[in-house]
Amino acid sequence: MLSQPQILLILVLLPPFISFALNALIPPLRRNRNVSSGLSIIAVLISTLSSVVLLKINPRAEFIFEWIPLNIFSKIEFGFFTDPVVLIMFFIVSLVSLVVQVYSLGYMSEESPPSLGRYYTFHSLFTFSMLGFVASLNLLQIYIFWELVGLCSYLLIGFWYTRPEASRAAVKAFWVTRFGDVGFAIGMVLLWGATGTFFLPELFVKAPDISKQLITVCMFLILLGAIGKSAQFPLHVWLPDAMEGPTPVSALIHAATMVVAGIYLVLRLFPLFELTPDVLVSVLWIGTITSLLGASLALVQNDIKRILAYSTVSQIGYMFASLGAGGKGIAFFHLFTHAFFKALLFLAAGCIIHAVHANNIWEMGKLSKRMPHIAILFLIGSLSLSGVFPFAGHFSKDEILMWMHIKGFDIHFFILLITAFLTAFYMFRAFFVVFFGNRESSQESLSKTPWIMSLPMWILAILTMFAGFGASTFFNFLGYRLEEHHTLLEYLPLIVSISGIVLAWSFYQVGYFSPARVYSILSPFALALERKFWIDDTYVWIYRNILDGLSSLCGWFDRYIVDGFVNLIAYSAKLTSQRLRTIQTGRTQDYLYGIIIAIILFFILSLLTPYIGRTLTEKESYKEIQGPTIIRGWGEYDN
Amino acid sequence: MTLYHILFLSYLVFSIGLFGVLSRRHVVGILIGIELMFNAANLAIVGIAWTMGLLTGQIIALFGIAITAAEIAVGLALFLLAERLSKTVYADEIDLMKG
């Protein structure tokens, strides 16, 4: 029988799937606004409550079943399990999904009922696949859920599929992440080829016996998948474009599901990554470069959602860097805090966009008076993201920077410190421009934020304010020991962040410096930022010239060689049958000619064939014709 | 009169009938040709049996004639239907069997 933790595990995983299945398979449910959203929200509520209960009892539960009974090499067992990391991920994923789904009731209220039903159907599947991904025990199973997560993000980014930008962004997201996933698939299969198992505990035991080169190649390929999913350099290009989706979807993708999956994969496979220091170093470098890249690109963005998107790229870079430096508990802690404040920021931005009907920060201005509520929420989120005490982001970012310093990664420490400064600067650039900007936007009163949208944000805001103090509890729960460190450097990140905020204030609020002048002084650099360091352009060039050329070559081969061969056969058959069909006139007499010619032919044939043509022997004649006379020369008989 | 003469006659009549079937355009002409071929066959059967001193041949021929009568009745009915469908009595203009 199932034990209690197993039941709870199923209660976390199954409700979103049931909600998805009901909504997907029964159209009347989907077409009803209240039923579809209600089902989805109740399902994710059950998941959230179960995950909270699970967090409280903290069990080690497993639920394993045989998937493919292969007797030849090894059977493939799928399974779900819980450990502290999984439990915390359950909590993050289900809570953020719940919050986002409730918020969507208000945000998506203008959608037509079938469209809203579709939205909630995708949301349920998204939550289910992420929860399943988190608890998977088998690499193959991880891959399946991984792709499901990718599919759902594709569907939700392209939710407003009638808008060409949205569908293009969805395709881009899918395409770029698929590029990484190809690496993941190859690496996974190579690993299986070497160890003969996909089952994670077995894999961890067998992996150290594999040759060094092979496992390095495997882990590098798997890392490629994680880079694509988590939008790390050089595959980060899809994430800013993914802003075409509805804002709650962005919140979900950035905080708890899609981009976090890459971090989680590295975290889950950390015993394997530990075997390959080379790959870990590349993780460290990729994370560091991405964090700086994301932060610097966020400096010149004017779209509020894009600023947040680049900040996600940057923060995920922090997590990658921390993983690469071996601080997996700290990376996970940053993931934990980031989930709340990033979701909060996106939801707040969604409220603003919902009210102002614009994405450009320069079109907003002076919103602090008209939306004080949102301003406070956005401020909490921004302070947390910038790493200001006492908000959650401060603690986790501080830990990462300190870890870098203690472990002697001084270059990375320095780069990440600059990133922290830039982060504070661009967040408060957005904050000051949006809420205190000079632009006198129209005086008409903005639509009031309904409680169904503000309640979820306050939940996140409270978590953002207090989650940081739970750091020691968090690390105890995970079983990691937090290293004590007391240096003066401890205050450096905070100082850097505050100076970033002050700089943004002096630029955009009081106007000590003119942004335009700084912009013109730094114009080559600014141009590089505007063009996103030409990374997108490079991809477009590669796509246009190399890939298009290659595919047109393949197309030519297919069209003229492969198809040509097939067409030739078809054409010859056609020609033959065209000739042959003239015989069939439909006139009786022509057929009779045919019959008669055939008979004559058979007659000639019978004369030529020895047996039929020979005359009967005497004995045979007696046997076959029992008449009074025997035919022996027909003319001889005389009547 | 030998069997030789009888079979020669039978062959002659059969050939005339075959020629009629193949060359006549009018459907009734074809039916007449078929009838001639039948009769040639009957003649051959009767002739052979007669030369062997058997009555079996004549009995078979009687059956043959009966079957022929039925055959021709069916043939005429088919012809009438075909005529009604294609509005012609000429066999080379009726191509209902064309696939």
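Analyst: The buried residues of α11(A) are A:Thr247, A:Pro248, A:Val249, A:Ser250, A:Ala251, A:Leu252, A:Ile253, A:His254 and A:Ala255. The model is a predicted one. Helix α11 of chain A runs over residues 247-255, and nine of its nine residues are buried, so the rest of the structure largely encloses this helix. The cover over these buried residues includes α4 (84-107), α5, α6 (139-157), α12 (258-268), α15 (304-324) and α16 (328-356) of chain A.

Two of the covering helices, α15(A) and α16(A), also pack on each other. Their axes are 9 Å apart and the packing angle is about 175 degrees. Because angles over 145 degrees count as roughly antiparallel, α15(A) is roughly antiparallel to α16(A). On the α15(A) side, the contact is made by A:Ile304, A:Lys305, A:Leu308, A:Thr312, A:Gln315, A:Tyr318, A:Met319, A:Ser322 and A:Leu323. On the α16(A) side, the residues include A:Lys328, A:Ile330, A:His334, A:Leu335, A:Leu345, A:Phe346 and A:Ile352. By class, the residues of the contact of α15(A) with α16(A) are twelve nonpolar, five polar and three charged.

Helix α16(A) also takes part in the largest nonpolar core. Of the 192 residues in that core, the ones that touch the most other members are A:Val96, A:Ala343, A:Leu344, A:Ala348 and A:Ile352. The helix that gives the most to this core is α16(A), with 19 residues.

Another covering helix, α5(A), has a partner of its own. The axes of α3 (residues 33-57) and α5 (residues 113-135) of chain A come within 8 Å and cross at roughly 15 degrees. That makes α3(A) roughly parallel to α5(A), and their crossing is left-handed. From α3(A), A:Arg33, A:Ser36, A:Ser37, A:Ser40, A:Ala43, A:Val44 and A:Ser47 take part in the contact. They meet residues of α5(A) including A:Pro113, A:Leu116, A:Gly117, A:Tyr120, A:His123 and A:Leu131. The residues of the contact of α3(A) with α5(A) divide into six nonpolar, nine polar and one charged.

A:His405 is found in helix α19 (residues 392-406) of chain A and is buried, with 21 other C-beta atoms within 10 Å. Leaving aside neighbours within four places in sequence, A:His405 is in contact with A:Phe413 and A:Leu489. A:Leu489 is 84 residues from A:His405 in sequence, while their C-alpha atoms are 8.8 Å apart.

A:Val281, in helix α14 (residues 277-298) of chain A, counts as partly exposed, with 13 C-beta neighbours inside 10 Å. A:Val281 and A:Gly324 are 43 residues apart in sequence and 5.9 Å apart from C-alpha to C-alpha.

In chain B, B:Phe63 has its place in helix α3 (residues 56-86). B:Phe63 has 10 C-beta neighbours inside 10 Å and so counts as exposed.

Definitions and conventions
Residues numbered from 1 in each chain as written. Chains lettered and ligands numbered in written order. Predicted model: local features only at pLDDT ≥ 70, side-chain atom pairs only at ≥ 80, totals over all residues. Axes fitted to C-alpha atoms, helices over the stretch in contact; angles between N-to-C directions. Helix = DSSP H or I, 4+ residues; strand = E, 2+ residues; numbered from the N terminus. Parallel < 35°, antiparallel > 145°, perpendicular 65-115°, else oblique. Left-handed = near helix turned anticlockwise from the far one by under 90°. Contact = placed C-beta atoms within 7 Å. Nonpolar A, V, L, I, M, F, W, Y, C, P; charged D, E, K, R; others polar. Buried ≥ 20, exposed ≤ 12 C-beta atoms within 10 Å, placed from the backbone. Core = buried A, V, L, I, M, F, W, Y, C linked by C-beta atoms within 7 Å.
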